[in-house]
Amino acid sequence: MTTGAQTPAHPHARPRRSRLRTFLPLALAVWLVLEIWLLTVVAGATSGFIVFLVLLAGFLLGSVVIKRAGRRAFQNLNEALQRGTPPSSGGGNGLMMLGGLLLMIPGLASDALGLLLLLPPVQKAVGRYAERTVDRKLRAATPGTLGDAFQQARMHRPDGKVVQGEVIKHDERGEGGREQRPPLTP
């Protein structure tokens, strides 16, 4: 069975490590050091109790934001299903949830970033950037990669309808050894 993936020229050669896998651990370590340093600076300038209250307020605000964004996303989905149309992509619910999650993570830098993501102009700018980046990556996807699978999944008929189907594996034994399966339609 073939998967469409390119076979390597040298079978024992290690695949090239992506930049994300290389720099993500370093970025997380730098972020953690920054958060600890900011907490100690603020605790030194005020008191440990004030830092505790700020972290608690960030956690509570983040949980409220996540709950509200989730409720809004569910409401948009429910309305779209009742209308029979696809859900609207606007609203920035995903970015609001990310902002709420960043507020819940203990730290002052993550709180500042979470608060920034709650602002509608920032949500629009980040959303447009993310959409352009994903589209560019999907267009540049090579056969056999995960991006190629998403690109193939996005293909649809010109009228926008989804064609349901069933993959049938041809068996060498003939029709006698084939099991019956229910159709995919609801």
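Me: How many helices and how many strands are there in the protein chain?

Reply: This is a predicted model, in which local features need pLDDT of at least 70 and side-chain atom pairs count only at pLDDT 80 or more, while totals for chains, interfaces and linings use all residues. Residues are numbered from 1 along each chain as its sequence is written, and side-chain values use heavy atoms, with hydrogens and water left out. Helices (H or I, at least four residues) and strands (E, at least two) are DSSP runs, numbered from the N terminus. Along the sequence the pattern reads α-α-α-α-α-α, and the totals are six helices and zero strands.

Me: What share of the residues in the protein chain is buried?

Reply: A residue counts as buried under 20% relative accessible area, as exposed over 50% and as partly exposed in between (1.4 Å probe, protein chains only). Among the 186 residues of the protein chain, the buried share is 14%.

Me: What percentage of the accessible surface of the protein chain belongs to carbon and sulfur atoms?

Reply: Accessible areas come from the Shrake-Rupley method with a 1.4 Å probe, and for residues only the protein chains shown count as cover. The accessible surface of the chain comes to about 15400 Å². The part belonging to carbon and sulfur atoms is 65%.

Me: Why are H2 and H3 described by a particular relative orientation, and which one is it?

Reply: Axes are lines fitted to C-alpha atoms, for helices over the stretch in contact, and angles run from 0 to 180 degrees between N-to-C directions. The axes of H2 (residues 48–83) and H3 (residues 93–104) come within 7 Å and cross at roughly 160°. Angles under 35 degrees count as roughly parallel, over 145 as roughly antiparallel, 65 to 115 as roughly perpendicular and the rest as oblique. The orientation of H2 and H3 is therefore roughly antiparallel.

Me: What is the handedness of the crossing of H2 and H3?

Reply: A crossing is left-handed if the near helix is turned anticlockwise from the far one by less than a right angle, and right-handed if clockwise. By this criterion, the crossing of H2 and H3 is left-handed.

Me: How do the residues of the contact of H2 with H3 divide into nonpolar, polar and charged?

Reply: The contributors from H2 include Gly58, Phe59, Gly62 and Arg72, and those from H3 include Met96, Gly100 and Leu103. Ala, Val, Leu, Ile, Met, Phe, Trp, Tyr, Cys and Pro count as nonpolar, Asp, Glu, Lys and Arg as charged, and the others, Gly among them, as polar. The division is 11 nonpolar, seven polar and one charged.

Me: Is leucine 103 buried or exposed?

Reply: Leucine 103 lies in helix H3. Leaving aside neighbours within four places in sequence, leucine 103 is in contact with residues including Phe59, Gly62, Asp111 and Leu118. Phenylalanine 59 is 44 residues away in sequence, with a C-alpha to C-alpha distance of 5.9 Å. Because its relative accessibility is 2%, leucine 103 counts as buried.

Me: At what angle do H3 and H4 pack?

Reply: H3 passes H4 in a left-handed crossing. Their meeting residues include Leu95, Leu98 and Leu102 in H3 and Leu113, Gly114 and Leu117 in H4. The contact holds seven nonpolar, three polar and one charged residue. The axes are 7 Å apart, and the packing angle is about 160°.

Me: What separates the C-alpha atoms of leucine 117 and methionine 96?

Reply: Leucine 117 lies in helix H4 and counts as buried because its relative accessibility is 8%. Not counting residues up to four places away in sequence, leucine 117 touches Leu95, Leu98, Gly99, Leu102, Val122, Gln123 and Val126. Methionine 96 is 21 residues away along the chain, at a C-alpha separation of 6.5 Å.

Me: Which relative orientation do H1 and H4 have?

Reply: The contact is made by residues including Trp31, Leu34 and Leu38 of H1 and Leu108 and Leu113 of H4. These helices, H1 (residues 19–45) and H4 (residues 108–117), have axes that come within 7 Å and cross at roughly 100°. The orientation is therefore roughly perpendicular.

Me: What is the relative accessible area of threonine 40?

Reply: Threonine 40 lies in helix H1. Valine 51 is 11 residues away in sequence and 9.0 Å away in space, C-alpha to C-alpha. Threonine 40 is partly exposed, with a relative accessible area of 48%.

Methods:
Contact = heavy atoms within 4.5 Å.
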